[in-house]
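Biologist: Please take a close look at one part of this model. I would like the charged pairs and the helix packing around them.

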Amino acid sequence: MKSFLAALAFAAIAAFCVSSVLDTIQQASSVAYTTSGARVGDPGNNLIGPN
Amino acid sequence: MPSSLSNLRALCAAIALLFAFAHPAAAQLSFKPTAEAVQEDKLLNALKEGDKITGRISIPDSMASSLIQPAGRDWRDFQRSKLPIIGGVAILGMLVLLAVFLMMRGRIRVDHGFSGTKILRFASFERFTHWLTASCFIVLALSGLNISFGRVLILPLFGAGAFATMSGYAKIAHDYLAFPFMLGLVIMFLIWIKDNIPGKIDWQWIKQGGGILSNGKHPPARRFNAGQKGIFWIVIIGGALMSVSGWFLLFPYLPANVTALQFWTVIHAVIAMLFIAAMLAHIYIGSVGMEGAFDAMGTGEVDLNWAKEHHSLWVAEEQAKGRAPSGSDTRAVPAE
C-alpha cells in the first residue's frame with residue numbers, strides 16, 4: 001500500500017514538475033512564430049491557446 | 001448578367017492559375033483546368049498520393065505552408081471509421097474473451113491451498129515502479145480513449161459543458177503524466193530485463209498452455225513465466241512506440257512534415273488500442289483471474305504454495321540462497 005501511495009504521489013509531483021519546466025522553456029505559438037515581418041494573433045483561451 | 005458571368009469566368013481562371021503555380025505537382029495534373037472544369041473536388045481527386053499544394057508563408061512554421069494535402073482526408077477517414085473499429089474489436093473483444101474464460105475456467109485456485117508461509121516476491125522499489133507505470137497508464141488510457149470515443153459515448157451523457165471541461169483536464173493529465181509513465185518504463189526495463197530473457201523453459205510453459213487451462217498442471221517457471229515475459233515485452237516495446245509517437249504529438253514541430261505527424265498519430269492510436277487490450281488481460285490474471293496473484297504487487301509477499309505452483313524453479317533458487325523458507329514449512333491451512 002505504501003509503495004502504491006508513494007507511486008501516486010511521485011507521479012503527480014513529476015507531472016507537475018514537467019509541466020512547470022515545459023511552461024518555462026517553451027513559448028506560446030503566438031510568440032514563437034511571430035517575426036519582425038509577421039505577427040501571429042493570440043489564439044485566446046482554448047485548448048490550443050497559451051492558457 | 002453577361003457582366004457577372006464574365007466576372008465569374010475571370011474568377012475561375014484566377015483560381016486555376018493560383019493552383020497551377022502553387023506547386024509543380026499541381027501544374028503537372030493530367031486534366032486541363034479550364035474555366036469550366038476547375039472545381040476543387042476534381043483538383044483534389046487529381047492529386048496523387050503524397051502530392052501537396054503549398055503556399056509561401058512568412059512565419060517560421062514550415063508546416064503552415066501546406067494548403068491542401070489529400071492524404072489528410074485518408075487520415076481523417078481512418079480516425080473516424082477504422083480506428084473505432086480497431087479499438088472496439090480489440091478492447092471489447094478482450095473483455096468478452098476474459099468473461100468467457102472466467103465463466104468456463106473459473107478462478108484459478110491454489111491447488112494445495114494456502115500454506116500460511118510467505119515469500120518475498122517483489123521488493124518495495126519494484127512495486128513502486130510497477131504502480132508508478134500502472135497508475136499513469138490507467139489515466140493515459142482513459143484520457144486517450146476519451147479522445148477517440150468520448151464524443152460518441154460520454155458527450156451525450158455529460159452534456160457539452162461538462163464534457164468539454166473534463167476533456168480539457170484529461171488532455172492536460174495525458175500530456176504531463178506521459179513523462180512519469182516513460183520514466184517508469186525505463187526503470188522497469190532496467191530492473192526486470194535480466195529475468196525476462198526468453199529461454200527453453202518458456203517453450204515448455206507455452207506448450208502446456210501455462211497450466212491455466214486445467215487444474216493441477218503447473219509447468220516449471222523461474223521468476224517470470226512465459227506469459228509474464230510476454231507482458232513485459234509488450235509493455236516495453238508497446239510503451240517505447242507509444243513514447244516515441246507521443247513525443248512527436250507533444251512536440252508537433254519535430255516531425256519533418258504534416259504527413260509524418262499524421263503517421264505518428266496513427267501509430268499512437270493503433271498501438272494504444274492493442275496495448276490497452278493486452279493490459280486488460282494482465283489486470284484480469286493479476287486480480288480476479290488467479291487466487292493469490294495480487295499479493296505479489298499488493299504486499300509484495302506471496303504464499304509459498306502459490307509460488308511453488310506457478311514459479312517452482314524460482315522458489316528453489318530462493319531457497320538455495322536462503323531467502324525463502326524451506327518446503328517442510330508449507331502446509332495447507334483452511335481458507336478464512
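Modeller: B:D175 is buried, because its relative accessible area is 19% (buried means under 20%, exposed over 50%, partly exposed in between, with a 1.4 Å probe and protein chains only). B:D175 forms a salt bridge with B:K171, and the closest N and O atoms are 2.7 Å apart. Salt bridge here means a side-chain nitrogen of Lys or Arg within 4 Å of a carboxyl oxygen of Asp or Glu. B:K171 is partly exposed, at 34% relative accessible area. Helices are DSSP runs (H or I, at least four residues), numbered from the N terminus.

This is a predicted model: local features need pLDDT of at least 70, side-chain atom pairs count only at pLDDT 80 or more, and totals for chains, interfaces and linings use all residues. Residues are numbered from 1 along each chain as its sequence is written, chains are lettered from A and ligands numbered from 1 in the order in which they are written, and side-chain values use heavy atoms, with hydrogens and water left out.

B:D175 also takes part in helix packing. In α7(B), residues including B:D175, B:F179, B:M182 and B:W192 belong to the set that meets α9(B). The α9(B) side includes B:F232, B:W233, B:G239 and B:W247. Contact means heavy atoms within 4.5 Å. The axes of α7(B) and α9(B) come within 10 Å and cross at roughly 145 degrees. Axes are lines fitted to C-alpha atoms, for helices over the stretch in contact, and angles run from 0 to 180 degrees between N-to-C directions. The crossing is left-handed (the near helix is turned anticlockwise from the far one by less than a right angle).

B:R223 and B:D195 meet in a salt bridge through their side chains, at 3.2 Å from N to O. B:R223 lies in the loop between α8 and α9 of chain B and B:D195 in the loop between α7 and α8, so the pair ties together parts 28 residues apart in sequence. B:R223 is buried, with a relative accessible area of 12%. Salt bridges with shared partners join B:E126, B:K194, B:D195 and B:R223 into one network.

B:E126 pairs with B:R223 at 3.0 Å, N to O. B:E126 lies in helix α5 (residues 124-153) of chain B and B:R223 in that loop between α8 (200-207) and α9 (226-250), so this pair ties together parts 97 residues apart in sequence. Both B:E126 and B:R223 are buried. Over all chains, the whole structure holds nine salt bridges.

Key:
Helix = DSSP H or I, 4+ residues; strand = E, 2+ residues; numbered from the N terminus.
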